[in-house]
Amino acid sequence: MDVAPVTTWLTAEPVVERVELAGESWVDVVRGLLARAGEVEAELLATVQWKQERVFRYERWIEEPRLTSWQAGHAAHPAVRDVQQWIMRRYRVSFDGVALSWYRDERDGVGFHRDRELRYLDDTLVGVLTLGARRPWLMRPLTGHKADSDDWTGVIDLQPAAGDLLVMGGRCQAAWLHAVPQVRGRCAGRVSAQWRWTSRRGRRDPNPGFYAPRYFGRGRSST
């Protein structure tokens, strides 16, 4: 794989801490990988074309409580490109771009979910770079219960700060859920950059993705 050398946006010799999870899953925590994180966040907020997605919940379309965008190639911020190159070099994977999310304040968030859009979940890698406010970033095992989204058994909180990188690997998207919940009290904004890769091995996940309609009416089952 032809990977360009990293530049001075990144901290020299960052420490990678692996957290082993059940179900052949793991998450690497890299504190302070990106230097000058505040500068990068400010530039992204000023230059990115953010959009408001809508999701179908409770039998109606609602605005997703965060803004999103997508960048690829040289359109991405150079610091974001450097983090992408670092991930590619370390884990020997490739990406076609980076997804961006802006949690504007304490009212924005996303509940427990898996990145089902990857479809093949037995061997995946998802990197999440945090810029801005430090806030809860939760993971918990998937139990398979009907009320799984309300089950807080086994929750861990990684609480990434500005410049921290989390990398979920193995069967994380098959066996674990993650969330950035809304918080009580005032909270400054948080921008995250996300990279997703799948080996396309194993059984294809038949469940709908995050943006697929979900029905909760009488006589219908939720997903």
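Reader: What makes the charged end of Arg36 count as sitting over the ring of Trp9?

Author: The charged end of Arg36 is 4.0 Å from the ring centre of Trp9. A charge sits over a ring if NZ of Lys or CZ of Arg is within 6 Å of the ring centre and within 35 degrees of the ring normal, so 4.0 Å meets the distance limit. Arg90 sits over the ring of Tyr91 in this way too, 5.7 Å from its centre. This is a predicted model, in which local features need pLDDT of at least 70 and side-chain atom pairs pLDDT 80 or more, while totals for chains, interfaces and linings use all residues. Residues are numbered from 1 along each chain as its sequence is written, and side-chain values use heavy atoms, without hydrogens and water.

Reader: Why is the aromatic pair of Trp26 and Tyr91 called stacked?

Author: Rings of Phe, Tyr and Trp (its six-membered ring) pair if their centres lie within 6.5 Å; planes under 30 degrees apart count as stacked, over 60 as edge-to-face and the rest as tilted. Trp26 and Tyr91 are 6.1 Å apart, centre to centre, with 15° between the planes, so the pair is stacked. Trp26 lies in strand β2 and Tyr91 in helix α2, so the pair ties together parts 65 residues apart in sequence. Helices (H or I, at least four residues) and strands (E, at least two) are DSSP runs, numbered from the N terminus.

Reader: Why is the pair of Trp50 and Trp102 called tilted?

Author: The centres are 5.6 Å apart and the planes 50°. Trp50 is in the loop between α1 and β3, and Trp102 is in strand β5, 52 residues apart.

Reader: Is Trp102 buried or partly exposed?

Author: Trp102 has 22% relative accessibility and counts as partly exposed. Buried means under 20% relative accessible area, exposed over 50%, and partly exposed in between (1.4 Å probe, protein chains only). Trp50, with 17%, is buried.

Reader: What puts the buried residues of α1 on the same side?

Author: Ala37, Val40, Glu41 and Leu44 are buried in helix α1. They cover an arc of only 100° around the axis, which puts them on the same side of α1; the arc is that of the directions from the helix axis to the C-beta atoms. An α-helix has 3.6 residues a turn, so residues three or four places apart point the same way. On the other side of α1, Ala46 and Thr47 are exposed.
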